[in-house]
Amino acid sequence: MGCGFSRQHVVKTNVSSFDRELLDLKIQRDSLQQYEQRLSDSLKNYIKLARRLVAENQRQQALVVLQVKHALQKSIEKAQNMRFNLEQVLSEIELKQIETDYVLKLRTGTKLLQSIQKTLSIEEIEHLLEETKEAIEFQNKVTEVLGSFSLMEIDESCEEELEQLETAMFPPVPKRLEKTMTPQVTENMQVKSETAKEYSKQESILLPS
Amino acid sequence: MLRGKALGLAGLRREQEARQAIDFIASSFRKELYESLQKQLDVFRENLVLFARKYRKKIENEPEFRAQFHRLCISIGVDPLVSKKGFWEEVLGMGDFYYELAVKISEICIATRDINGGLILLDEIKRLLDNHNDEKFTKRTSKRIILRNRYEISRDDIERAVQRIQVLGKSYSIVSFGNIRYIQSVPGELSHDHSCVLSVSKEQGFTTERKLAASLKWSKERILLALKGLLEMELAWIDDQDLERLYWFPSLYYPIDD
Amino acid sequence: MTVFRYPPFYSYPPSFTLQPVKATREKQLKLWCDLVLSYCKHYKIFKLSVTDSANSSLFANTAIDRKLSLAAVEEVFSRLVSMGYGEWLNKEANVCLIYWRRPYEWAEIIYDWVERSGKRKSILTFYEIRFSEDTAEFEFHGIDPELLLRSLQVLESQGKCAVFEGKTNDDLGVKFR
């Protein structure tokens, strides 16, 4: 405690004049309750006293005590009624407070809803949906067009280029080797992934040692 | 008969050879002896294992028998109190028992240290353990540790468990004077004078300067010094609400919590 | 209410003489403080007067004919206050609030009840909190009003409520947010 910055997070609870008056009412109720309690305790004592007097055959005095007891009971009743009324008033006040609170919150809620609705009208939304639909259709077309352009064509043209390159780089096979050339060798010469090195190796194997 | 220089040399060599022969015989003899002893010891240990297995229940349940068995093991160089990893632990299963007992004893010492200053009667520990055992035995659980508590714990067991703790740190020791044994769980030496004072006060749990003078016949200074020492070691509390100052020793007597 | 069970040291004669050796005295005072707190908790006593309690069975054990001297009792109270387990209400009259529960602990319990019983956003009187039937089974029933005030002030500093007086009454009430 005593740390400056922590105070900023603490919200002070406001006590209005209304609150104070309400408290007064409640304190009043408490006093009544305490009063009732005192009277009840007295009552018990008087009952005891009355019994004792009857046992001692003091009839007159017992009667007096009983009269006092009756008066006490009446007072207790009165006090109870008063307290009951007070409790009713208090609970009415509470209910009213809740109702008011409720209405206020409802009002705020409705206002909030309205302001949200203002930012968007129905037309705007329909327009937005339309635009979105068009955009999606356009996108689909683009994909289609791109898709019809096959990469296989690129591959074939590359192959042609490679063959041209090969015939340009390496001299034609000497005539005397043509007989010894096996079909497999001729096939190998056309395999795409073969490098120039491997190619020349194959040839050297065939050369007479 | 040997004569001449050459004979001297030859002699030396023969001596050397003779010595070597003797050494050889001696070492092989030693080796044999050693081997035979080893064999004997092995046989002995094997028998011990069989014995331990056969009488396992008896060892676990009877403190007297347990003590004798322990002495037997020690005499052939086997420490049955090794902890979890040893071969002996498996055969005898005693390491666990003493380890758990040691833990309980140190718990008791720590709990009572504030009151008795770290000096507690061996019998008091036994009493607390016995009460604890009875309590635990009535709770029926299947935990292994509860089953172990059914074993009766003797004073010897307590002493052996304390010896185990001693291995871990010097502050636990078994102190005795007269025929009273204590466990001391704090470091520090009790001087002879201190022990005497405690010894003499064992009966009532407290003493006075006058009583000490009467039974020990020391000078007033010596008595006061000993008492001062005990007070400062927190082994004694003063009581000034009697006719003269009383010195109470919580480790000798303390009301029981029931 | 069951009879309070005194701890063993209460039956040990030297416990009632303030020990000269510092370390021992520290232990002794702690034992006495613990006793005061558990005694007050058992009998729901929220404040003690030094002089009255010094003559009560709290600090005197007639069975062993020993009692703590007034000076020693004052030491015990001083220790309680310095450890935060007590607060002097009236130093001259030597009345001390005993915190076997600290105010912040009471604050938590009371606020918990307030939330659970839906008493938030309502106004309660001190009397109501202390004596109404609603609170009969809670520990703070019958709590000392001074202690209640301190506990509510803890809640106040946390922004959870406001303690105030009525317009025409100076009895206290509290409003929970």
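# A guided tour of chains C, A and B

In chain C, 55% of the contacts between residues at least 6 apart in sequence join residues at least 24 apart. The model shown here is a predicted one, and the tour begins with this chain.

**Stop 1: chain C as a whole.** Followed from the N terminus, the elements come in the order α-β-α-β-β-α-β-β-α-β-α-α-β-β. The chain has 177 residues, and 49% of them count as buried.

**Stop 2: chain A as a whole.** Select chain A next. Here there are seven helices and zero strands, so that the pattern along the sequence reads α-α-α-α-α-α-α. Of the 209 residues in chain A, 13% count as buried. Its accessible surface is about 17900 Å², with 58% belonging to carbon and sulfur atoms. Among the contacts of chain A with a separation of 6 or more, 68% are between residues 24 or more positions apart.

**Stop 3: Lys26(A).** Remain in chain A and select helix α2, residues 17-55, in which Lys26(A) lies. Is Lys26(A) buried or exposed? Its relative accessibility is 7%, and Lys26(A) therefore counts as buried, the cut-off being under 20%. Now display its surroundings. Beyond its neighbours within four places in sequence, Lys26(A) is in contact with Leu90(A) and Glu94(A), and also with Ile123(C), Thr125(C) and Glu128(C) of chain C. A distance may be drawn from Lys26(A) to Leu86(A): the two C-alpha atoms are 8.3 Å apart, although 60 residues separate them in sequence.

**Stop 4: Gln97(A).** Move to helix α3 of chain A, residues 59-118, and select Gln97(A) within this helix. With a relative accessible area of 30%, Gln97(A) is partly exposed. Which residues does Gln97(A) touch, not counting those up to four places away in sequence? They are Phe18(A) and Leu22(A).

**Stop 5: helix α3 of chain B.** Turn to chain B and select residues 63-75, which form helix α3(B). The helix has 13 residues and spans 18 Å from its first C-alpha to its last, close to the 18 Å expected at 1.5 Å a residue. Colour its buried residues: Pro63(B), Phe65(B), Arg66(B), Ala67(B), Phe69(B), His70(B) and Cys73(B). After the helix comes Gly77(B), which has a positive phi near 80°.

**Stop 6: Glu159(B).** Select helix α8 of chain B, residues 155-168, and find Glu159(B) there. Glu159(B) has a relative accessible area of 15% and is buried. Apart from neighbours within four places in sequence, Glu159(B) is in contact with Leu122(B), Ile174(B) and Arg181(B).

**Stop 7: a pair of helices in chain B.** Finally, select helix α9(B), residues 192-201, together with helix α10(B), residues 209-216. They pack at an angle of about 100°, and their axes are 11 Å apart. Because of this angle, α9(B) is roughly perpendicular to α10(B). Which residues of the two helices make the contact? Cys196(B), Val197(B) and Val200(B) take part from α9(B), and Leu212(B), Ser215(B) and Leu216(B) from α10(B). Of these contact residues, five are nonpolar, one is polar and none is charged.

Key
Residues are numbered from 1 along each chain as its sequence is written. Chains are lettered from A and ligands numbered from 1 in the order in which they are written. This is a predicted model: local features need pLDDT of at least 70, side-chain atom pairs count only at pLDDT 80 or more; totals for chains, interfaces and linings use all residues. Side-chain values use heavy atoms; hydrogens and water are left out. Helices (H or I, at least four residues) and strands (E, at least two) are DSSP runs, numbered from the N terminus. The expected span of a helix is 1.5 Å times one less than its number of residues. Buried means under 20% relative accessible area, exposed over 50%, partly exposed in between (1.4 Å probe, protein chains only). Contact means heavy atoms within 4.5 Å. Axes are lines fitted to C-alpha atoms, for helices over the stretch in contact, and angles run from 0 to 180 degrees between N-to-C directions. Angles under 35 degrees count as roughly parallel, over 145 as roughly antiparallel, 65 to 115 as roughly perpendicular and the rest as oblique. Ala, Val, Leu, Ile, Met, Phe, Trp, Tyr, Cys and Pro count as nonpolar, Asp, Glu, Lys and Arg as charged, and the others, Gly among them, as polar. Accessible areas come from the Shrake-Rupley method with a 1.4 Å probe; for residues, only the protein chains shown count as cover.
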